[in-house]
Amino acid sequence: MHPTSESHNKKIRKAAVLLLSLDRAMSAEIMSQLTKDGIEQVALEIARLDDVTQEEQEAVLEEFYLQGRARRHIESGGIEHAYALLEQSMGKDEASEIIDSLRQSMSSVPFGFMHKVSAENVITFIIEEHPQTIALIMSHLPSGLAAEVLGRLPSDKQLDVVRRVATMEQTSPEVIRDVESSLHARMRTMFSQSMEKAGGVGSVAQILNVTDRMTNKGILENLEQDNPDLVDEIKRLMFVFDDILKLDDKSVQSLLKEVDNSQWALALKGASEDLKGKIMGNLSQRAAAMLQEEMDYLGPVKLSDVEAMQQQIVDTVRRLEDSGEITVASGNEAEQLIT
């Protein structure tokens, strides 16, 4: 393999590992900023990715962090540049006062790495800790996040933790560093372990589900030229039976013409009341009554039979979409109406 090509492939793999490390909505936003060719290459690599080690993931994240840190430094201009601008605009005394305040704010904040973590994830890591440790951590969190964490604690721990926060005095910096270091290490370990199970077709489907329709359509069309079976598998995972709720009434009516009552009767077994209502609401009163009667007549059925029938209907949805007879909105995409 040509050295340049090999280097390029490594970069694509790194990009895939990084995207899988991020929130899916953020990954989708990043992919939308890539070139068409770049999107296709990264999406294909994500679909093929099934052998990421903890060491590889940590190396990618470390490289990304260092590059991002270097870029932020260049863009920020440094504290001296900020001082020069402030001095020019408001005078030396006020500039010095603001800069002193900035220096304090920029100092290392204990447990700062947790400030961007959701309350749900914070609870996962601290729930088994001693109440005093939980109190120490919460006292260093932003008030909004601390309140959410408190609300998720078991009732028997809430009062104990609040009392300890209220009566907490000065804590040794060494103790804070030890607790912080231990918690940080555990979070990194758990994150890496979950990452090793990531990747594959499912991840591509989930990312494409929150991209705009034109982007995911272009990606799938180009991937299909190389691997039609892979595209078929991605499409199956991108739209599930419950997503029929997202179809407009016109699309549901088109679907009803393609699926007979016996198929609906089996597929709707165990479906949500909202979904049943969506289907029944697009049938005549007589047809809806007949469908309900057929569902009641079926009695208990195997879950595998229900899921197989639901997949057949999903395949029909995709066929109708490909032919342009119905429109399936992706992710949170909403169809714009023109009046």
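Helices are DSSP runs of H or I with at least four residues, numbered from the N terminus. S254 lies in one of them, helix α15 (residues 249-258). The model is a predicted one, in which local features need pLDDT of at least 70 and side-chain atom pairs count only at pLDDT 80 or more, while totals for chains, interfaces and linings use all residues. Residues are numbered from 1 along each chain as its sequence is written, and side-chain values use heavy atoms, with hydrogens and water left out.

S254 has a relative accessibility of 17% and therefore counts as buried (under 20% relative accessible area, 1.4 Å probe, protein chains only). Apart from neighbours within four places in sequence, S254 is in contact (heavy atoms within 4.5 Å) with L320, E325 and I326.

| Helix pair | Angle | Axis distance |
|---|---|---|
| α14 (residues 228-238) and α19 (residues 303-322) | about 110° | 10 Å |
| α15 and α19 | about 120° | 10 Å |

The angle makes α15 oblique to α19, whereas α14 and α19 are roughly perpendicular (65 to 115 degrees; oblique covers what is left once angles under 35, roughly parallel, and over 145, roughly antiparallel, are also set aside). From α15, S254, L255 and E258 meet I313, T316, V317, R319 and L320 of α19. By class, this contact of α15 with α19 holds four nonpolar, two polar and two charged residues.

In the other pair, K235, R236 and M238 of α14 meet Q311, D315, R318 and D322 of α19.

Key. Helix = DSSP H or I, 4+ residues; strand = E, 2+ residues; numbered from the N terminus. Buried < 20%, exposed > 50% of the residue type's maximum accessible area, 1.4 Å probe, protein only. Axes fitted to C-alpha atoms, helices over the stretch in contact; angles between N-to-C directions. Nonpolar A, V, L, I, M, F, W, Y, C, P; charged D, E, K, R; others polar.
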